[in-house]
Amino acid sequence: MASWVMPLFVIVAAVSLFIQMLIFGAIFLTIRRLSKRMEEIADDLQRRITPVISRLQMLVEEAQPRISSMISDAAEITHVARSQVQRVDRMVNEAVDRLRMQLVHADQILTGALETVEETGARFRSSVWRPMQSVTALVRGIQTGLEFYRGRRRRADGVAEQQDEELFI
């Protein structure tokens with residue numbers, strides 16, 4: 001009984017090895033077909049991308065001098081603008097300083113003029129206005145005296161008229 005087990009085992013092992021060989025062969029053929037297909041796809045993709053890449057490279061090469069000149073122009077414009085702004089700042093500061101000095105000078109002139117006007121007004125009040133007030137007070141006193149004198153006469157005439165009217169009724 002033991003003599004037939006060994007040949008059976010060898011036959012089963014041979015059959016399994018043969019099946020494994022067929023499976024590995026099928027895997028090999030499938031991978032080979034997939035590899036060819038991937039190579040075809042890669043070649044097709046490379047054929048399509050190569051012109052695009054070359055055009056992009058030409059565009060970059062053409063645009064590089066322009067971009068470089070734009071960057072240098074922008075740097076120069078920035079430098080010129082900065083110097084102009086500094087120049088305008090100096091001019092504005094000088095103008096403000098001059099204006100400030102002119103305002104101080106005008107303030108001094110106006111202060112002197114106002115002091116002179118005030119002093120003149122004080123002199124006018126003391127030399128003209130006070131005597132004028134005294135004369136006005138004198139004239140008012142005279143007017144009041146005359147009105148008082150006239151008022152007595154009128155009252156006396158008014159009392160007589162009133163008495164006449166009372167008699168008339």
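The structure is a predicted model. The protein chain contains one helix and zero strands. Helix 1 spans residues 2-168, and the chain has 169 residues. Buried residues make up 0% of these 169 residues. The accessible surface of the protein chain comes to about 16,100 Å². Carbon and sulfur atoms account for 65% of that surface.

**A nonpolar patch**

Part of the surface is formed by a nonpolar patch, whose members are Ile11, Val15, Phe18, Ile19, Met21, Leu22, Ile23, Phe24, Ile27 and Ile31. Together these residues have about 1,000 Å² of accessible area. One of them, Met21, lies in helix 1.

**Salt bridges**

Side chains of opposite charge can pair when their charged atoms come close. How many salt bridges does the count give? The count comes to five salt bridges. Some of these pairs are set out below, with the distance between nitrogen and oxygen.

| Pair | N to O distance |
|---|---|
| Arg37 and Glu40 | 3.5 Å |
| Arg100 and Asp97 | 3.2 Å |
| Arg123 and Glu119 | 2.9 Å |

Arg37 and Glu40 both lie in helix 1, three residues apart, which is about one turn of the helix. Arg37 is partly exposed, with a relative accessible area of 48%.

Where do Arg100 and Asp97 stand in relation to each other in helix 1? Arg100 and Asp97 are three residues apart in helix 1, so about one helical turn separates them. Arg100 counts as partly exposed, at 49% relative accessibility. Asp97 has a relative accessible area of 40% and is likewise partly exposed.

Arg123 and Glu119 are four residues apart in helix 1, and about one helical turn lies between them. Is Arg123 exposed or buried? Arg123 is exposed, with a relative accessible area of 55%; residues count as exposed when this value is over 50%. Glu119, at 42% relative accessibility, counts as partly exposed.

Salt bridges also occur as a network: Asp44, Arg47 and Arg48 are joined into one network by salt bridges that share partners.

**Summary**

In this predicted model, the chain has one helix and zero strands, and buried residues make up 0% of its residues. The surface carries a nonpolar patch that includes Phe18 and Phe24. The salt bridges number five, and among them are the pairs Arg37 with Glu40, Arg100 with Asp97 and Arg123 with Glu119.

Technical notes:
Residues are numbered from 1 along each chain as its sequence is written. This is a predicted model: local features need pLDDT of at least 70, side-chain atom pairs count only at pLDDT 80 or more; totals for chains, interfaces and linings use all residues. Side-chain values use heavy atoms; hydrogens and water are left out. Patches are made of residues with over 30% relative accessible area and no salt bridge: like charges are joined within 9 Å, nonpolar side chains (Val, Leu, Ile, Met, Phe, Trp, Tyr) within 5 Å. Accessible areas come from the Shrake-Rupley method with a 1.4 Å probe; for residues, only the protein chains shown count as cover. A salt bridge is a side-chain nitrogen of Lys or Arg within 4 Å of a carboxyl oxygen of Asp or Glu. Helices (H or I, at least four residues) and strands (E, at least two) are DSSP runs, numbered from the N terminus. Buried means under 20% relative accessible area, exposed over 50%, partly exposed in between (1.4 Å probe, protein chains only).
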